[in-house]
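These notebook entries record what I looked up about ring contacts and charged contacts.

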Amino acid sequence: MIGWRGLQWVNHAFATKFGWGGREDFLDRRYLERLASPLAENQELRQQIWNAFRDWTRDGESPLPWPWIYGDSTSLPPISVRQHLMLSGTQMRLLERWKDGDFDPDLELATEPPRRIEDVPLSEQPATLDRAALTFCLADAFHPGCEMTWPIRHASMYMAPFRLRHRALGDPEPSFGTGANAGRRAQHRRSPVRPDSRKLVAVDGRSVADRHRQLPLWLHDGL
């Protein structure tokens with residue numbers, strides 16, 4: 001949800017709703033204090049936020065529920081409840097527990113993130129650089145446009161958990177020349193997978209998706 005605030009720089013609606021001074025500015029300290037409090041006096045606010053999230057069985061085609069992000073089957077007019085994104089089942093269950101006040105307040109335990117890579121312990125610096133580069137690519141269709149969308153949730157993309165399958169030796173990357181058209185794309189389609197050159201390590205698709213949920217803004221249940 002905090003990530004939506006960053007979209008204020010590329011989307012006017014997000015700027016109005018979630019940006020600086022917006023009604024749902026999730027980085028506003030006073031607002032965060034209410035959201036982080038399990039007290040009964042803040043239960044109505046938590047209920048309102050819970051109600052704002054999309055449920056495919058209820059309002060999948062509507063653009064109004066959160067998140068305001070395109071899904072896997074975007075079309076105008078909508079032809080599928082997957083027109084827009086929905087949080088994963090795991091995320092929805094956690095959000096429901098938060099809505100009910102079933103959580104430990106930990107806002108005061110939050111620490112300021114390091115501003116320089118030199119401030120991160122040396123052993124954690126490689127992973128921090130990876131996260132810094134990839135966090136903002138974990139989203140869905142064209143918000144803002146650099147993200148990896150549904151293909152990355154397919155187990156066939158991986159040779160092991162978190163390890164993308166490599167192109168086999170002797171299988172050069174196709175060249176599309178200086179321009180692309182339907183005929184050239186068809187001409188340069190990748191040859192069928194050869195069992196001896198692209199043998200995959202067995203990976204359970206759902207376990208890969210579950211691991212991805214640990215990353216920021218990963219919003220899908222996977223396969």
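This is a predicted model: local features need pLDDT of at least 70, side-chain atom pairs count only at pLDDT 80 or more; totals for chains, interfaces and linings use all residues.

I noted the scale: buried means under 20% relative accessible area, exposed over 50%, and partly exposed in between (1.4 Å probe, protein chains only).

Residues are numbered from 1 along each chain as its sequence is written, and side-chain values use heavy atoms, with hydrogens and water left out.

I noted 11 aromatic pairs in the structure. Rings of Phe, Tyr and Trp (its six-membered ring) pair if their centres lie within 6.5 Å; planes under 30 degrees apart count as stacked, over 60 as edge-to-face and the rest as tilted. Tryptophan 4 and tryptophan 66 pair edge-to-face, with 5.6 Å from centre to centre and 80 degrees between the planes. This pair links distant parts of the chain, 62 residues apart: tryptophan 4 lies in helix 1 (residues 2-6), and tryptophan 66 in the loop between helix 5 (56-59) and helix 6 (89-99). I noted that helices (H or I, at least four residues) are DSSP runs, numbered from the N terminus.

I then looked up phenylalanine 18, which also forms an edge-to-face pair with tryptophan 66, at 5.3 Å centre to centre and 75 degrees between the planes. Phenylalanine 18 belongs to helix 2 (residues 12-18) and stands 48 residues from tryptophan 66. At 1% relative accessibility, phenylalanine 18 is buried. Ring pairs join Trp4, Phe14, Phe18, Phe26, Tyr31, Phe53, Trp66 and Trp68 into a cluster.

I noted 11 salt bridges in the structure, each being a side-chain nitrogen of Lys or Arg within 4 Å of a carboxyl oxygen of Asp or Glu. Arginine 29 and glutamate 33 form one of them, at 3.3 Å from N to O. Why are arginine 29 and glutamate 33 separated by about one helical turn? They are so separated because they lie four residues apart in helix 3 (residues 29-35). Arginine 29 is partly exposed at 42%, and glutamate 33 is partly exposed at 39%.

I found Lys17, Arg23 and Glu24 linked in a network of salt bridges. In the bridge between arginine 23 and glutamate 24, the closest N and O atoms are 3.8 Å apart. Arginine 23 is exposed at 62%, whereas glutamate 24 is buried at 7%.

Methods. Helices (H or I, at least four residues) and strands (E, at least two) are DSSP runs, numbered from the N terminus.
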